[in-house]
Amino acid sequence: MKPIDPCILTINGGSSSIKFALYHAGAPLKRGLSGSIDRIGLSGTSLTFDDPAASRQDKVNLSASDHKSAANFLMDWLEKQNAFQSIEAVGHRIVHGMQHTTPGLVTRELLDDLDRMRPYDPEHLPGEIELIETIGGRYPKLPQVACFDTAFHRGMPRVAKLLPIPRRYAAKGIERYGFHGLSYSYLIEELARLGDPAATNGRVILAHLGNGASLAAVRDGKSIDTSMGFTPTAGLVMSARSGDLDPGVAPYLERTEQVSTQQFYEMVTHKSGLLGVSETSSDMRDLLAGEAHDTRAAEAVALFCYQAKKWIGAFAAALGGLDTLVFSAGIGENAPPVRARICDGLEFLGIELEEKRNASNAGVISKDASRATVRVIRTDEDLMIARSVGRILETKAVNQKD
């Protein structure tokens, strides 16, 4: 049998899901077996996978009440796959990294630090920590790497991090962090690979528009501002998250409808955004299909496009102009009408879309004469995790030689 190349396993744990992928080492990294476990803690939990080497796709049902049981099932299943013995390391997406600026090898010290950070991200961190500990308990000699979604924004100017609340809270770590950093890191690397000079020496706005949506202002390859803040709920309206909201809404609902803090958090995190405004769906595809006969759907789409346009204008002001605008993630990559509506009226920033290019989701959707280049780039957070793990393994190998 042909020997299997060394592999990196990437793990992207959500609040009720675990996505995974195997990347075969080499230049470039090659994606192999991948899949996800969805609906953890709910009925109908299943593992779906795609194995291109064996031309095999399938679905396996399971019972998983938490991330630990789901992780154990996943590792049991992976052990039966041909590529398992070739796994050299595991890379994890960690949503909140606070002051961490780079990916890091998982150590007891790092796990203790993550444990202290639980209150800052109670929705993601507990499950992510459980995944790391479960895999570490089963394979203690297998290196694991934590890749922080906030790291890309750690170099933002202090004025972009400050929250306008009493100063003493800053000492408790309450500030603007920003998220989607793995996606943004990938997009900047891809922009450089495509030969766009703005990636390293220019003014770029990155629009990661998916179920979670945010934008980032990037100057000379470095983040200077981003729309999400202390949590991923802030900023642009999203599929089920409210985005920015007047703080006065919370005490008003408490007084008039006895809405508790936890109920309010559940509302703005899981029942608001496109879902809350439309009252029908959090999926942009459904809303676009229904907007002609449903005012609620039309208003949800209009609100999303309007707010995205405002953020682009604000970040162009912060950057002092615009050289390149990048659309990415599920909506940004696949919804031409949304991109067109967002860009409509932004000609003063040098943005002019070419209709046919936009309709076909071309790599460049702006006119040749457009002063600002508008691109569509498919993001790949998993590949970014694998690249980060590969770099750490290389550094570790060099240090061991020394």
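This briefing walks through a few helices, their packing, and some individual residues of the structure above. The model is a predicted one, where local features need pLDDT of at least 70, side-chain atom pairs count only at pLDDT 80 or more, and totals for chains, interfaces and linings use all residues. Residues are numbered from 1 along each chain as its sequence is written, and side-chain values use heavy atoms, with hydrogens and water left out. Helices (H or I, at least four residues) and strands (E, at least two) are DSSP runs, numbered from the N terminus.

**Helix α5**

- Helix α5 covers residues 181-193, and at 1.5 Å a residue its 13 residues should span 18 Å; the expected span is 1.5 Å times one less than the number of residues.
- The end C-alpha atoms of α5 are 18 Å apart, which agrees.
- Ten of the 13 residues of α5 are buried, so the helix is largely enclosed by the rest of the structure. Here buried means under 20% relative accessible area, exposed means over 50%, and partly exposed is in between (1.4 Å probe, protein chains only).
- The buried residues of α5 are Gly181, Leu182, Ser183, Tyr184, Ser185, Tyr186, Leu187, Ile188, Glu190 and Leu191.
- Just after α5 comes Gly195, with a positive phi of about 85°.

- Helix α2 (residues 108-116) packs with helix α3 (residues 125-138) at an angle of about 160°, and their axes are 10 Å apart. That makes α2 roughly antiparallel to α3.
- A word on those terms: axes are lines fitted to C-alpha atoms, for helices over the stretch in contact, and angles run from 0 to 180 degrees between N-to-C directions. Angles under 35 degrees count as roughly parallel, over 145 as roughly antiparallel, 65 to 115 as roughly perpendicular, and the rest as oblique.
- The crossing of α2 and α3 is left-handed. A crossing gets that label if the near helix is turned anticlockwise from the far one by less than a right angle, and is right-handed if clockwise.
- On the α2 side, Arg108, Leu111, Leu114 and Asp115 meet Leu125, Ile129, Ile132 and Glu133 of α3 (contact means heavy atoms within 4.5 Å).
- Those α2 and α3 contact residues split into five nonpolar, no polar and three charged. In this count, Ala, Val, Leu, Ile, Met, Phe, Trp, Tyr, Cys and Pro are nonpolar, Asp, Glu, Lys and Arg are charged, and the others, Gly among them, are polar.
- Helix α1 (residues 67-79) also packs with α3, at an angle of about 45° and with axes 9 Å apart. That makes α1 oblique to α3.
- α1 and α3 have a right-handed crossing. From α1, the contact takes in His67, Lys68, Ala71, Asn72, Met75, Asp76 and Glu79, and from α3 it takes in Gly127, Glu130, Leu131, Thr134, Ile135 and Arg138.
- By type, the residues where α1 meets α3 are four nonpolar, four polar and five charged.

**α11 with α13**

- Helix α11 (residues 295-319) and helix α13 (residues 336-343) pack at about 50°, with axes 8 Å apart, and are therefore oblique to each other.
- α11 and α13 cross in a right-handed way. Val301, Phe304, Cys305, Ala308, Lys309 and Ile312 of α11 make the contact with Val338, Arg341 and Ile342 of α13.
- Seven of these α11 and α13 contact residues are nonpolar, none polar and two charged.

**Buried residues to look up**

- Ile94 sits in strand β6 (residues 87-94) and is buried, at 0% relative accessible area.
- Beyond its neighbours within four places in sequence, Ile94 is in contact with residues including Leu114, Leu125 and Ile132.
- Arg154 lies in the loop between β8 (144-148) and α4 (158-161), and is buried at 7%.
- Gly235 is in the loop between β11 (222-226) and α7 (249-257) and counts as buried at 2% relative accessibility.
- Gly235 and Gly178 are 57 residues apart in sequence, with 9.5 Å between their C-alpha atoms.

- Met98 has a positive phi of about 50° although it is not a glycine; Met98 lies in the loop between β6 and β7 (104-105) and is buried at 12%.
- Ala329, in helix α12 (residues 329-334), has a positive phi near 70° and counts as buried at 6%.
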